[in-house]
Amino acid sequence: MTFGRKVRAYVALTKPRVIELLLVTTAPVMVLAAHGQLDLRFLGLVFATLVGGALSAASANAFNCYIDRDIDRLMKRTRNRPLVTGELSPREALAFASIAGAVSIAILGVFTTWLAAALSLAAIAFYVLVYTLVLKRRTPQNIVWGGAAGCMPVLIGWAAVTGSLSWTPVILFGIVFLWTPPHYWPLSMRYREDYAAASVPMLAVVRGRTAVGLQVVLYAWATVVCSLLLVPLAPMGVVYATVAALSGAWFLVEAHRLYAAAIRPGAVKPMRVFHASITYLTLVFIAVGIDPLVFVPLPF
């Protein structure tokens, strides 16, 4: 195997699209935590946090690929992952995951804060030990509680700047936590047969599309309400309030459309909600980062 192909295999092992989404939630939170004060020291802190956070996520995802390589072989969506194709050996994947995790904790501890490093370690441990080993193959609520690991970059970014936690990052954590089910469950509808073949009890497999559609609506509403809690408690200004309200309304419309289609005979388009959820979260967190830079207080 060529060097370039080997490198691409290691990159695939990290699930780079997942890492991109995690980093989108980190940098804006750091701007908010710094109250929009973007000096050179802050930019260096952001760089160290993003590198450490990316390696932390890469470690967790690589451990996940190592543990789930048996079911990845059974699913069309995952059968091209490097441990299934043989481009990487299980030993190589395990070594990479361990080294990436150790380096991420060291970078965050040395260049940011040790609280951020501890949260990074907790995120890796939770994703690997709680979600991958315990929840994923045992309960249709796997993505609900397992999704907590994906919310940790919000806390890590805040802790990297302030060295502490408060209600603001907790609310931001809540936004991502509540957003995860209506983001991931439509994907599980699209690949329901894959999960059924691998005996993974996703909600779409266990309960069917009507139940998924209803849960997507309920969690989407909870997500939008949680996002608006940030307005009085952070507090946030006109930019964030406007973006959160408008993008939230659009997200809710898409969620209700999915449910309306799910309760009727015929085809559904769950991936429309999946992609909408990514755009929604991106817009909300971009607004989180922009609001303290151009803060305009609400007129009430």
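Helix 10 (residues 167-190) and helix 14 (residues 238-262) pack at about 30°, and their axes lie 13 Å apart. Helix 10 is therefore roughly parallel to helix 14, a label given to angles under 35 degrees. Axes here are lines fitted to C-alpha atoms, for helices over the stretch in contact, with angles from 0 to 180 degrees between N-to-C directions; helices are DSSP runs (H or I, at least four residues), numbered from the N terminus.

This is a predicted model, in which local features need pLDDT of at least 70 and side-chain atom pairs count only at pLDDT 80 or more, while totals for chains, interfaces and linings use all residues. Residues are numbered from 1 along each chain as its sequence is written, and side-chain values use heavy atoms, leaving out hydrogens and water.

Which residues of helix 10 meet helix 14? Ile175, Trp179, Pro182, Pro186 and Met189 meet Tyr240, Phe251 and Leu258 of helix 14, where contact means heavy atoms within 4.5 Å.

Finally, Thr49 is found in helix 3 (residues 40-67). Thr49 counts as buried because its relative accessibility is 1%, the limit being under 20% relative accessible area with a 1.4 Å probe, protein chains only. Beyond four places in sequence, Thr49 touches residues including Thr26, Met30 and Leu108.

Conventions
Helix = DSSP H or I, 4+ residues; strand = E, 2+ residues; numbered from the N terminus. Parallel < 35°, antiparallel > 145°, perpendicular 65-115°, else oblique. Buried < 20%, exposed > 50% of the residue type's maximum accessible area, 1.4 Å probe, protein only.
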